[in-house]
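Here is a short tour for your next look at the model. Have the sequence and the 3D view open side by side as you read.

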Amino acid sequence: MSYKDQIDLQKLPRHIAVIMDGNGRWAKGKGKLRVFGHHNGVLSVRDVVEGAGELGIEYLTLYTFSAENWSRPKFEVIAIMELLISTLNKEIAKLMNNNVRLNAIGDLNMLPDKCHKELNNAISKTAANTGLVLTLALSYSSRGEIVQAAKKLAAKVQSGELQPADIDEKMFEDNLYTGGMPNPELLIRTSGEYRISNYLLWQIAYAELYFTAKLWPDFRREDLYEAILDYQKRERRFGMTSEQVN
Ligand code: FPP
C-alpha cells in the first residue's frame, strides 16, 4: 500500500512548514554547480505543492530564502532571484489550475524590484483561489519577524491606542507575518541537518518535527506523505498527560 493510501484524512495537519535544504550538496555530489541544485529543487517544490493540494492540506509554507542567505556569494543570490522570477512566471497557470493561493512572508522590500513585482503579480492573480495556501518565506528571519511585531505593538502603545496590559499571545501572534494562519502542526527539514535555522520560531512551539536525510532535490510527494504518516503516529500532548489527551 502506498503511503498516501495509509494516511487518515480526518487527521491531516492543516499547516505543514518545510525547510528545503541540501540543494548545494545534491549538485556537488553530481559534480555540478550549486545553482544546478536550486534548479532541480524547483521540481521538488512543484511535486510537493501538487501532492499537498491533492491530499487536502490547507497551508504549506516553504523556507525559500532566509535573511541570512543574502550573505551567500553574489552569483548564487542572483541565480536564486532569477530562478524565483522565472518559476513564478512559468508556474502561475499551474497554480491557477490547482486552485492554489500564493502568499509570501519575510522582509519582502529587500527583494530586487523585478522579483517583488513578479511575486505581487502572482499573489494578486491567485488571491481568489480557495485551495492550498502556498506561502514562500523570502528574505525571512523569524527573529526579525518577532521584532517587527513588537515594534508594531509598541507604536500603538506610544500613540495611546493600546495599553501594555492588553497585549496577549493572540494579539502578538496576529502581528506576525503569519497573522491569521494556523500554526504549523508539522515541520519537515530535509538533508539530515537537525536545526531550525531561524524559521517560524514562535509558530512551531508545538509543531511535530520531522527530519529526513533526503536532499531537497530528491524529495517528492511520496516523501511528504511518509512524513504525514509519521506525524499521525505521534501523540500530541501539549503539556498534558497521555491519559488526558486520550
Ligand atoms: C537550501 O539548500 C536551499 C535554498 C537556500 C534555496 C531554495 C530554493 C529553491 C528550492 C528554488 C526556488 C524555489 C521556489 C519556490 C521557486 P542549500 O543551498 O542550503 O543546500 P546545502 O545545504 O547543500 O548547501
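Which residue lies over the face of F36? That residue is K32, at 5.0 Å from the ring centre. Please keep in mind that this is a predicted model, in which local features need pLDDT of at least 70 and side-chain atom pairs count only at pLDDT 80 or more, while totals for chains, interfaces and linings use all residues. Residues are numbered from 1 along each chain as its sequence is written, and side-chain values use heavy atoms, with hydrogens and water left out.

**Rings and their partners**

- Ten aromatic pairs turn up in a search of the whole structure (rings of Phe, Tyr and Trp, the last by its six-membered ring, pair if their centres lie within 6.5 Å; planes under 30 degrees apart count as stacked, over 60 as edge-to-face and the rest as tilted).
- W26 and F36 are stacked, because their ring centres are 5.7 Å apart and their planes are at 25°.
- W26 lies in helix 2 (residues 23–29) and F36 in helix 3 (residues 34–55), so this pair ties together parts that are ten residues apart in sequence (helices, H or I of at least four residues, and strands, E of at least two, are DSSP runs numbered from the N terminus).
- W26 counts as buried at 10% relative accessibility, whereas F36 counts as partly exposed at 31% (buried means under 20% relative accessible area, exposed over 50%, partly exposed in between, with a 1.4 Å probe and protein chains only).
- W216 and F219 form a stacked pair, 5.2 Å centre to centre with 20° between the planes, and both residues are buried.
- One aromatic cluster is formed by Y63, Y140, Y177 and Y199.

**Charges over rings**

- The charged end of K30 sits over the ring of W26, 4.4 Å from its centre (the cut-offs are NZ of Lys or CZ of Arg within 6 Å of the ring centre and within 35 degrees of the ring normal).

**Two asparagines in loops**

- N99 has a positive phi of about 60° although it is not a glycine.
- N99 is found in the loop between helix 4 (74–97) and strand 3 (101–105), and counts as partly exposed at 27% relative accessibility.
- N198 also is not a glycine, yet has a positive phi of about 65°.
- The loop between strand 5 and strand 6 holds N198, which counts as buried at 15% relative accessibility.
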